[in-house]
Amino acid sequence: MNNRASTWARLNTDSWDLIVVGGGITGAGILNQANRLGLHALLIEQRDFAWGTSSRSSKMVHGGLRYLKDGNLHLTYESVRERQALLEAAPGLVEELGFLIANYEGDKPGKTAYGAGLTVYDAMALTRSHRYYKGDDFRLLAPHLRDEGLIGGYRYGDAQTDDARLVLRVLFEAQADGAVALNYAQAEGIIREGEQVIGVTVRDPISGAVTEARAKVVISATGAWADGLRGQTGAAPKIRPLRGSHLVFPAWRLPVAQTVNFLHPLDRRPVFAFPWEGATLVGTTDVDHHGDLNTEPSISPEEVAYLMSALEVNFPGLKLTLDDVIGAWAGVRPVIGTGKADPSKESRDHAIWDDHGLITVTGGKLTTFRVMALDALEAARPYLPTMSHPDRTRLPLQELDLKLDQPPDEAQRRRLMGRYGAAASALIRGAQPGELELIPGTFTFWAELRHAARCEQVVHLEDLMLRRTRLGMVLPDGGESLLGRVRTMCQESLGWDDPTWEQEQAAYLTLWRKHYSLPDRALIPDWRVMLAQKQAAAQSESDSDSSQPRVLWLALIVFPIMLILILIMIGKRRGRWAD
Ligand SMILES: Cc1cc2nc3c(=O)[nH]c(=O)nc-3n(C[C@H](O)[C@H](O)[C@H](O)COP(=O)(O)OP(=O)(O)OC[C@H]3O[C@@H](n4cnc5c(N)ncnc54)[C@H](O)[C@@H]3O)c2cc1C
């Protein structure tokens, strides 16, 4: 793995074929594919790897049934195909997960429409995963779901991942094979020769040092931040940043064995409750994000109320309150804006622009990262004319030829191989007695912390708690109670003295409280009032709907009578004049 100081020194001495800016899934995918093609490639990330949207997604590796409903067959097909490739390439990291869609009396779309959609969805993957379950059988699959009017529902197969670990697996695989990646290295500006972009100036936000890196081509995979570098070429902004947020519940308070989909009672958008890493997540929202992109996004009070109202209606028996919420986070979708009034109607396809040698690739989804990476490299071909052609059928990750004999549980071995790839053996070898045990309430081994601190370019404690492991996202108080043991295991490997550890711990907990927990409760609207208002509005709408036929009848009866009366009166007048 790269040593930070020596990598920094190489930035302006190596002659790079390609510089990738942005260490999310798109950038990691490009670095990996470029490396396979034999390019001398560098990736720089302004904060931590996966710090942007790629650690804040809903963690679904999916075709997106919703896109099918919106008529975006191409995006659905591409995503389904990529899902299948990732399931094959990364067992233990990308795993199948069941999805449930309840069917209630009077539902629109109803059973037939969903059945047709799911048939097409399955056909795209050449599988048949969906099945309809009648009332009681469906209740067994989703026992806490609203019972009133429930007549059954569908179960179908999709997949789930750990998004940040997917980024790291793709990135570290490329690094193990010769590529270079540096976190906490910001591309501050572009370097040009005439019109042509030939490199970037890079700033280390920790030391303040600045250097230059030059390449035949620069690819900006900066997601929601894409307008920043493009703007320096004079290109007009294109991104509409849309925030999506999640709430985290302990699994015992909101127990779901698979993803439960439902339409939100306020706006009929699809919302999910799903199991992840030992907790239950609920999401997501889709709202314009007006905050500064360089500050961590947070869930707003209104989004909390929106998600709580969905739970209130769909899991009424659980009587969930804000006291049950153990965490929250928000991410910003890099969506190409076209000015649609409803943010959810904006396309989730990716786009590529070439501004004088600065190739920008943005939009898209976590699931489709390989397609985005290959398309971006194709767009860079004019600047890399000798680049060979990629094998588009090759799996997104190398197949592993690895036999682990620890831990004894097969599912756990699979999980470690999925998340750490070839480094899983080193992780196990480095484990101290008692560290191949799970951290209570999670699926994470203690040994993962030790390994990450030693080998995975951790710069701050938040990198370790939020992205190398996901403990800070699924444990109450961001896993504060574990920090004593984490310190004993990791402080030396991180090379931090006591004041540094204390400073890091304080900074991490401040960040967690501000951006990974609930906002001030006094500001959260009462979602029961919101639901009551919606119900009242729906009632008056249906009253006015039902009054329409009456108005129509009245019009049909009254109008001819009025007309006859008017004609009679006119006739009488004429008669009078005639008189
Ligand atoms: C709430 C939510 C739920 C989602 N759920 C799903 C899902 O379930 N499935 C799915 O497939 N997709 C999902 N997505 C979409 C998916 O997460 C994103 O499309 C994907 O993560 C974007 O990856 P990216 O690498 O393009 O951007 P990012 O992950 O944001 O990476 C861009 C990186 O560039 C860095 N950067 C920016 N400027 C600079 C600079 N000047 N110098 C250096 N670095 C820079 C940023 O720090 C950032 O880390 C979801 C998105 C959201 C918001």
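A polar contact is a pair of N or O atoms within 3.5 Å; within protein, one atom must be able to donate a hydrogen and the other to accept it, and residues adjacent in sequence count only if both atoms are side-chain atoms. The model on display is predicted: local features need pLDDT of at least 70, side-chain atom pairs count only at pLDDT 80 or more, and totals for chains, interfaces and linings use all residues. Residues are numbered from 1 along each chain as its sequence is written, and side-chain values use heavy atoms, with hydrogens and water left out.

**The ligand and its contacts**

Select the ligand, then Thr26: an N or O atom in the side chain of Thr26 is 2.7 Å from a ligand oxygen. The protein covers 96% of the 1,000 Å² of accessible area that the ligand has on its own (Shrake-Rupley method, 1.4 Å probe; for residues, only the protein chains shown count as cover).

**The surrounding shell**

Now display the 36 residues around the ligand, of which Thr26, Glu45, Ser54, Met60 and Thr367 come nearest; a residue is near a molecule or strand if one of its heavy atoms lies within 4 Å of it. Coloured by type, the shell shows 11 nonpolar, 20 polar and 5 charged residues. Here Ala, Val, Leu, Ile, Met, Phe, Trp, Tyr, Cys and Pro count as nonpolar, Asp, Glu, Lys and Arg as charged, and the others, Gly among them, as polar.

Switch to a cartoon view and select α2 (25–36), β8 (186–193), β11 (239–250) and β16 (327–336), each of which supplies at least two shell residues. The largest share, 3 residues, comes from β16. Helices (H or I, at least four residues) and strands (E, at least two) are DSSP runs, numbered from the N terminus.

Colour domain 1 (4–54 + 164–238 + 347–383) and domain 2 (94–162 + 240–316 + 329–344): both give residues to the shell, so the ligand lies between them. The domain bounds come from an automatic or database assignment.

**Two cysteines**

Move to Cys455, which is partly exposed at 24% relative accessible area, and to Cys490, which is buried at 0% (buried is under 20%, exposed over 50%, partly exposed in between; 1.4 Å probe, protein chains only). Their sulfurs are 11 Å apart, too far for a bond. The structure holds 0 disulfides, a disulfide being a pair of cysteine sulfur atoms within 2.5 Å.
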